[in-house]
Amino acid sequence: MRNFRFLMPTEIRFGDGVVGRVGQEASCQGKRALVVTGKQSSKSSGALDTVVDSLRTAGLTVEVFDQTEENPSAQTVERGGEMGRKMGCEVVVALGGGSPMDAAKGGAILVSLEGRLQDYFGSGKVTGPVLPVVAVPTTAGTGSEVTPYAVFVDPEKGMKRSVASPFVFPRIALLDPKLTVSMPPDVTANTGIDALSHALEGFTSTKAQPTTDLFALEAISLMSRHLPQAVAHGHDLEARSQVLYASMLAGVVIAQTGTTLLHGMGYAPTTKYNIPHGLSNAVLMPHVMAFNGVTHGERYAQLAMAMGRRNEAVLGTELAIEAVKCLRDELKMPMRLRDLGVKEEDLEDFARETMEHTRNLANNVRQVSFEDVLQIYRDSY
Ligand SMILES: [Fe+2]
């Protein structure tokens, strides 16, 4: 068996009503809280009021930064950090999907450490403790509530860059399935597929390990079984619970293994066309699987089994691809990059950008060249 390290310093609380604990939990970390959230959905769903009331009832001073856009820019995060510094923030509460959670992590870094957000892009640049983050996800996909990563748009390069450091793990994750009930079907599908890609990439990462394999296969199995129901019947709390749980498991996986070629390729269409992160991954997913499956078919056979597919006569990779395509069809997701408005002449730029995501490429089970990446984009077009 291979050697491994498994690190999960985030305390996880899961269940109906756990959002009501946010005041109590945050008050153990500090007395002045900055809530970082998006511009709309947490307000219209009532989640922001619930969180702010809970924090104030617990005696905290609260300010709200509600300017986080989808795919947060470094400038936005710096504005949030500035707000946190001015109020003497002691604990950051992240409320929303991946974007507010990543912005909250960035804000916590900027309140605690000197310099600009760009100074911390890369792996291990955050070298000391930062403000505690209490993460309250309202989508089920990003897994950011249990990861040491935060992804931002770099204003200078116009591309996605990530911060990776064990100090970036949230202190506490409060996973309340009821908060995800108000997600519209398309957001449920996109974020769910993002979680599926985390599990799938973790399972085919060079850093895959026995423990993450367990989590990844369970996440893949649960997501493929329950995501269609959560999309079609958003008020089914059991389906919502299973999907949120699977998403968290997949987050624990990538916290150890990192993401791989699929995420590396998904970033460029997202940044250039503002395509939701999960949707970009969904379109590319079968083609990346076909590429990796050439050398790692056995892993994909296991993955296909987790999705309920078994057929001795058909290669594992083909079975897994078929399962993913069926799931995507069931969720009525677009199938090609052209369906998302991407122009064919962008594909070379996308491939060049992908080659800069060296950490993703290093984690991928199969070595990949610029030509390989370009071919995968063309196959996905
Ligand atoms: Fe992701």
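Trainee: Where is Gln24 placed?
Mentor: Gln24 is in helix 1. Please keep in mind that this is a predicted model.

Trainee: Is Gln24 buried, exposed or partly exposed?
Mentor: Gln24 counts as partly exposed, because its relative accessibility is 46%.

Trainee: Let us turn to helix 3. Which of its residues are buried?
Mentor: In helix 3, which covers residues 47-57, the buried residues are Ala47, Leu48, Val51, Val52, Ser54 and Leu55.

Trainee: Why are they on the same side of helix 3?
Mentor: Around the axis they cover an arc of only 160 degrees, so they fall on the same side of helix 3.

Trainee: And what does the face turned away from the buried side carry?
Mentor: That face of helix 3 carries the exposed residues Asp49 and Thr57.

Trainee: What do the buried residues of helix 3 pack against?
Mentor: Their partners are helix 1 (22-27), strand 2 (32-38), helix 2 (41-44), strand 3 (61-68) and strand 4 (91-96).

Trainee: Which residue with a positive phi follows helix 3?
Mentor: Gly59 follows helix 3, and its phi is near 90 degrees.

Trainee: Which loop holds Asn71?
Mentor: Asn71 is in the loop between strand 3 and helix 4. Its phi is positive, near 60 degrees, in a residue other than glycine. Asn71 counts as buried because its relative accessibility is 10%, and the cut-off for buried is under 20%.

Trainee: What about Ser73, where is it found?
Mentor: Ser73 is also placed between strand 3 and helix 4 (74-87), in the loop. With a relative accessible area of 14%, Ser73 is buried.

Trainee: Which side chain makes a polar contact with that of Ser73?
Mentor: The side chain of Glu69 does, at 3.2 Å.

Trainee: What is the phi of Lys332?
Mentor: Lys332 has a positive phi of about 55 degrees, although it is not a glycine. Lys332 sits in the loop between helix 11 (316-330) and helix 12 (347-356). Its relative accessible area is 72%, so Lys332 is exposed.

Trainee: Now the metal. Which residues are the protein donors of the iron ion?
Mentor: They are Asp194 through OD, and His198, His263 and His277 through NE2, lying 2.1 to 2.2 Å from the iron ion.

Trainee: How are the donor residues spaced in sequence?
Mentor: The spacing is D-x3-H-x64-H-x13-H. Asp194 in helix 6 (residues 185-203) and His277 in helix 10 link distant parts of the chain, being 83 residues apart. Both Asp194 and His277 are buried.

Trainee: What are the angles at the site of the iron ion?
Mentor: Among the four donor atoms the angles are 84 to 168 degrees, and the site is irregular.

Trainee: Which residues does Leu261 contact, leaving aside its neighbours within four places in sequence?
Mentor: Among them are Glu201, Val288, Phe291, Thr354, Asn360 and Ile376.

Trainee: Is Val294 buried or exposed?
Mentor: Val294 counts as exposed, because its relative accessibility is 60%. Val294 lies in helix 10.

Trainee: Last, where does Ala246 lie?
Mentor: Ala246 lies in helix 8 (residues 237-257). At 1% relative accessibility, Ala246 counts as buried. Leaving aside neighbours within four places in sequence, Ala246 is in contact with Ala219, Leu222 and Met223.

Technical notes: Residues are numbered from 1 along each chain as its sequence is written. This is a predicted model: local features need pLDDT of at least 70, side-chain atom pairs count only at pLDDT 80 or more; totals for chains, interfaces and linings use all residues. Side-chain values use heavy atoms; hydrogens and water are left out. Buried means under 20% relative accessible area, exposed over 50%, partly exposed in between (1.4 Å probe, protein chains only). Helices (H or I, at least four residues) and strands (E, at least two) are DSSP runs, numbered from the N terminus. The arc is that of the directions from the helix axis to the C-beta atoms. Contact means heavy atoms within 4.5 Å. A polar contact is a pair of N or O atoms within 3.5 Å; within protein, one must be able to donate a hydrogen and the other to accept it, and residues adjacent in sequence count only if both atoms are side-chain atoms. Donors are N, O and S atoms within 2.8 Å of the metal (3.2 Å for Na, K and Ca); water is not among the atoms, so sites may look incomplete. Four donors count as tetrahedral if all angles lie between 85 and 135 degrees; four count as square planar and six as octahedral if opposite donors are over 155 degrees apart and all others between 65 and 115; anything else is irregular.
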